[in-house]
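Please read it with the sequence and the model side by side.

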Amino acid sequence: MNARASAQHYRQTAVQSAVLEASPHRLVALMLAGIRERLQLALACMEKGDIARKGQAISEASMIIGELDGSLDHKAGGDIAAGLAALYAYAQRRLVEANLHNDPARLQEVDGLIAEIEGAWQAIAPAGS
């Protein structure tokens, strides 16, 4: 196994361990961070002209947003869940547009929206998490 493959394997193992040990609150925090990491990767790939990897990173970010949207409890969450669902739908549309038009501004817009959610999520972290 070469050094790059070893590093990738280590990274995957670390992520899997973090997920298995995480509280529900921490899992959402990891997902939000994952979206932002993929958006930053997509931006870097746009700059380098790596269209295939850009598309993959945007697709991965979109999949995570879909998972977050699917996990919303609309009955218990009421207006907050409805607002998040609308925001996730908007973010998904902007990601499609960013990918289609190779537009970094749309990626940055989605990153900013996710950053706001991430900050609010961190602010309500339970004690000890």
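Leaving aside neighbours within four places in sequence, Ile 35 is in contact with Ala 61, Ile 64, Ile 65, Leu 68 and Ile 114, where contact means heavy atoms within 4.5 Å. The model is a predicted one, in which local features need pLDDT of at least 70 and side-chain atom pairs count only at pLDDT 80 or more, whereas totals for chains, interfaces and linings use all residues. Residues are numbered from 1 along each chain as its sequence is written, and side-chain values use heavy atoms, with hydrogens and water left out.

Ile 35 also belongs to the largest nonpolar core, which has 23 residues and in which Ile 35, Leu 39, Leu 95 and Leu 107 touch the most other members. α2, α3, α4 and α5 each supply at least two residues of this core. Such a core is a set of buried Ala, Val, Leu, Ile, Met, Phe, Trp, Tyr and Cys residues joined through side-chain atoms within 4.5 Å; buried means under 20% relative accessible area, exposed over 50% and partly exposed in between, with a 1.4 Å probe and protein chains only. The helices are DSSP runs of H or I with at least four residues, numbered from the N terminus.

## The course of α4

α4 has 28 residues, yet its end C-alpha atoms are only 33 Å apart, short of the 40 Å that a straight helix would reach at 1.5 Å a residue; the expected span is 1.5 Å times one less than the number of residues. A kink of about 70° is centred on Ile 80 in this helix, the bend at a residue being the angle between axes fitted to the seven residues ending there and the seven starting there.

At the start of α4, a side-chain oxygen of Asp 73 reaches to within 3.2 Å of the backbone nitrogen of Lys 75. The buried residues of α4, among them Tyr 88, Gln 92, Arg 94 and Leu 95, pack against α2 (24–48), α3 (51–70) and α5. Beyond the helix, Asn 102 lies in the loop between α4 (74–101) and α5 (104–123), where its phi is near 50°, a positive value in a residue other than glycine. Asn 102 is partly exposed, at 34% relative accessibility.

## Salt bridges between and within helices

The count comes to 7 salt bridges, each defined as a side-chain nitrogen of Lys or Arg within 4 Å of a carboxyl oxygen of Asp or Glu. In one of them the side chains of Arg 36 and Asp 111 meet at 2.8 Å, N to O. Because Arg 36 lies in helix α2 and Asp 111 in helix α5, this pair ties together parts that are 75 residues apart in sequence. Arg 36 is partly exposed, with a relative accessible area of 26%, while Asp 111 is buried at 10%.

Within α4, Arg 94 forms a salt bridge with Glu 97, the closest N and O atoms being 2.8 Å apart; the two residues are 3 apart in the helix and so are separated by about one helical turn. Arg 94 is buried, at 18% relative accessibility, whereas Glu 97 is partly exposed, with a relative accessible area of 26%. Glu 97 is also a partner of Arg 106, with the closest N and O atoms of that salt bridge 3.8 Å apart, and Arg 106 counts as buried at 19%. Through shared partners, salt bridges join Arg 94, Glu 97, Asp 103, Arg 106 and Glu 109 into one network.

Conventions
A polar contact is a pair of N or O atoms within 3.5 Å; within protein, one must be able to donate a hydrogen and the other to accept it, and residues adjacent in sequence count only if both atoms are side-chain atoms.
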